[in-house]
Amino acid sequence: MAVTSDTGRWDALFAARTRADVGEGIAFVLGFLGRPDLISFAGGLPDPRTFPRDRAASLLAEFAASGESAAFQYTPTQGLAGTLDAVAGRLENLQGRRPADDELLITSGGIEALELVGKTFLDPGDTVVVEGPTYLGAIMAVRGFEAEVVAVPMDDEGLEVDELERMLVGGLRPKFLYTITEHQNPAGVSLSAERREALVELARRYGFLVLEDVAYRELSFNDDPPASLWSLAPDTVVQSGTTSKSLFPGVRLGWAAGPAEICVKLVSAKQNTDQCSGGLGQRILEEYIRRGWIDEQLAESRALYRSKWERLSAALSRSMPAGTEWTHPTGGFFTWLTLPPGWDATELVGRAADAGVGIVPGTMFYADGRGVENIRLAFSMLDESLIDEGIDRLASLLS
Ligand SMILES: Cc1ncc(COP(=O)(O)O)c(C=O)c1O
């Protein structure tokens, strides 16, 4: 009997939430991995040179030889006790506050923290405030829960907290606000110290949660970042972190720290996402922290990404036509470009691909079609020697 695959055959059975149109943004960006012919500024992926191959291999050999089972077994949903302890200690060292035992959980990457917070807080029709532009995984997660995304603009000091206040005074009532406080994806800017204080004050006054994503916090090129929102206001902030940029994304690992009353709900929600994060990654992370390897690794990573940004910054200054603007990150993986007047980024993406250059249009980082005049350039993974050529090709398209 012939197997039919008519389009629309399953429509009546698909859940309502699948009609929320989360888009194919992440798949689009990861799709560039299958185009090694492109000089790609598309994916915000870490440079494979930062992957700790030898140390990861020796740790695995050690776990196997020692007869320990934690690395190979299911783990408690909240995380392995040793890993939780190591992460709590690291947060204390870096951010000046140690989460209590019930204020921390291990997640399967930053994206899972978004999913868990969404599951815990959002009903259809609820509102979530994000930065405009923001991480497209956040837009997709919020939409997946059939909630509304409202973007607050940013400038060189990050989220415009004054504008947020005007919107709150005007009646905006979000369940939570999602912010990437350092070296933001995609804009490359960081939230200033003064605005951090003002933001948590607004959260307390208007009674919403702040979800602080610190994915790039440990990747500053030079100076340490200002106090984290979570350390300023642990009563109203959940911080989510990831090891994808500092260790390697292959382990899919992160953490969430926040009020105990919320963490217990997140752990509960995690039971039916993945039940527990991988024990092998958790043990590697624990040892990486305890042996000081993560700091050695980060020092190298920061120098590598700083050098790539300096190369990209010089290439942009040299080649881009008048009327093009871009942000000046002090860490992380991204700069955000504003095209000369008249250009449509969605159209430019195709032309750039024909010229052998991968870029992502700004529209992917908004929920409402804005970003047509912007593109995101990621400098993290691209071989430094290809940056000049890539920017020359892009600039000649715009000239
Ligand atoms: C701001 C931000 N948060 C979270 C993530 C997801 O990280 P993970 O690999 O830990 O899920 C990314 C990945 O690009 C990101 O840019």
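Strand S2 (residues 104-107) pairs with strand S9 (residues 254-257) in the antiparallel sense, over 4 bridges. Two strands pair if DSSP finds at least two bridges between them; strands are DSSP runs (E) of at least two residues and helices are runs (H or I) of at least four, numbered from the N terminus. Thr107 has Gly254 in S9 as its bridge partner. S2 is covered on both faces: Leu104 and Ile106 are buried on one side, Leu105 and Thr107 on the other. Buried means under 20% relative accessible area (1.4 Å probe, protein chains only).

This is a predicted model, in which local features need pLDDT of at least 70 and side-chain atom pairs count only at pLDDT 80 or more, while totals for chains, interfaces and linings use all residues. Residues are numbered from 1 along each chain as its sequence is written, and side-chain values use heavy atoms, with hydrogens and water left out.

| Residue | Ligand atom | Distance |
|---|---|---|
| Asn185 | oxygen | 2.8 Å |
| Asp213 | nitrogen | 2.6 Å |
| Lys245 | oxygen | 2.9 Å |

On its own the ligand has 400 Å² of accessible area (Shrake-Rupley method, 1.4 Å probe), and the protein covers 91% of that area. Helix H4 (110-121) and strand S6 (176-180) are the elements that give two or more residues to the shell around the ligand.

Among the 14 residues around the ligand (a heavy atom within 4 Å), those that come nearest are Gly110, Asp213, Tyr216, Thr242 and Ser244.

Conventions: Polar contact = N/O pair within 3.5 Å; in protein donor to acceptor, adjacent residues only side chain to side chain. Buried < 20%, exposed > 50% of the residue type's maximum accessible area, 1.4 Å probe, protein only.
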